[in-house]
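Please look through the sequence and the model below before reading on.

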Amino acid sequence: MKTIITAALCGAVTPKAKCPALPITPKEIAEDGIRCWKAGASILHLHMRDDEGHGTMDVNKFRETVNILRGECDAVLNLTTSGELNVSDERRMEHVIELKPELATFDCGTLNTGDGIFENSQSFLEKLAKVMIDNGVKPEVEVMDIGMMNACQWFAKKGILNAPVHYQFVLGFGLFGAPATPQNLCSMVDKLPAGSTWSAFGTGSAHLPILYTALALGGNVRVGLEDNIWYAKGVPATNEMLVSRAGRLIKEFGNDVATPDEAREMLGLKK
């Protein structure tokens with residue numbers, strides 16, 4: 001059995017001061033992505049940071065990073081559509097239209113994060129789905145709470161999302177997302193429509209328990225400094241360290257680490 005490793009390189013929130021290994025500039029993000037690809041990551045999940053280190057949807061930052069990566073590796077690129085709060089729908093989608101990545105995120109609902117509202121209205125999601133379909137981009141449907149499974153299935157029933165859907169289970173997101181427990185992941189997986197593909201991760205200290213559970217349930221895994229900045233208690237992580245460990249655990253479990261082209265075949269992507 002093949003298992004896909006996604007590397008989530010920097011996210012939009014964690015400050016560089018808290019994690020010195022966090023890549024910030026397009027060049028740093030691309031170089032870290034190449035290291036992760038060499039270590040076994042077949043998908044690179046990309047956020048961008050502005051010149052002050054804050055999350056941004058600046059299409060120029062995406063373009064610079066994507067151009068470097070496309071010239072140096074064959075990893076599947078998965079671009080976020082949610083890297084900056086309180087911006088227009090158009091700003092969240094313009095890089096998808098221009099760069100046409102193989103994957104982009106589709107966050108299937110609005111969530112109270114505790115320090116703000118992570119807004120994904122029905123009207124925005126309908127527009128985003130159309131943009132993805134029109135540009136040959138497969139949605140990675142991010143599910144942060146169990147109710148979002150119902151929303152995703154409604155979008156699929158209406159033909160707004162094309163089946164089979166690829167899910168990314170996001171456990172431990174903010175104060176109000178589903179807690180990162182093996183029980184919650186099992187419950188989400190139980191609700192998957194037949195033929196779906198999926199991956200999962202837990203934030204912070206739940207990183208390894210959710211990785212182990214995903215392997216046991218036959219899913220794929222995501223690791224990276226966006227989700228967890230520690231390799232072990234008191235030991236700071238790098239993206240490459242987290243990808244390398246995931247690869248070792250996959251092999252110890254008895255699976256093989258999927259190559260980028262194997263990941264494309266598993267997810268129904270066209271290079």
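What follows is a short walk through some helices and salt bridges of this structure.

The structure is a predicted model, in which local features need pLDDT of at least 70 and side-chain atom pairs count only at pLDDT 80 or more, while totals for chains, interfaces and linings use all residues. Residues are numbered from 1 along each chain as its sequence is written, and side-chain values use heavy atoms, with hydrogens and water left out.

Helices (H or I, at least four residues) and strands (E, at least two) are DSSP runs, numbered from the N terminus. Helix α1, residues 26–39, has 14 residues and reaches 20 Å from its first C-alpha to its last, close to the 20 Å expected at 1.5 Å a residue, where the expected span is 1.5 Å times one less than the number of residues. Its buried residues (under 20% relative accessible area, with a 1.4 Å probe and protein chains only) are P26, I29, A30, D32, G33, I34 and C36. These buried residues of α1 pack against β2 (5–8), β3 (43–46), β4 (48–49), α2 (59–72) and α8. After α1 comes G40, whose phi is positive, near 130°.

Helices α6 (residues 182–190) and α7 (residues 207–216) have axes that come within 9 Å and cross at roughly 35°, the axes being lines fitted to C-alpha atoms over the stretch in contact, with angles from 0 to 180 degrees between N-to-C directions. Their contact (heavy atoms within 4.5 Å) is made by P182, L185 and C186 of α6 and I210, T213 and A214 of α7.

The structure also holds 14 salt bridges, each a side-chain nitrogen of Lys or Arg within 4 Å of a carboxyl oxygen of Asp or Glu. In one of them K2 pairs with D256, the closest N and O atoms being 3.8 Å apart; K2 lies in strand β1 and D256 in strand β16, so the pair ties together parts that are 254 residues apart in sequence. Another joins D134 and K130 at 2.7 Å, N to O, and both residues lie in helix α4 (residues 122–134), 4 residues apart, about one turn of the helix. D227 forms a salt bridge with R222 at 2.8 Å between the closest N and O atoms, and both D227 and R222 are buried.

Note on methods. Buried means under 20% relative accessible area, exposed over 50%, partly exposed in between (1.4 Å probe, protein chains only).
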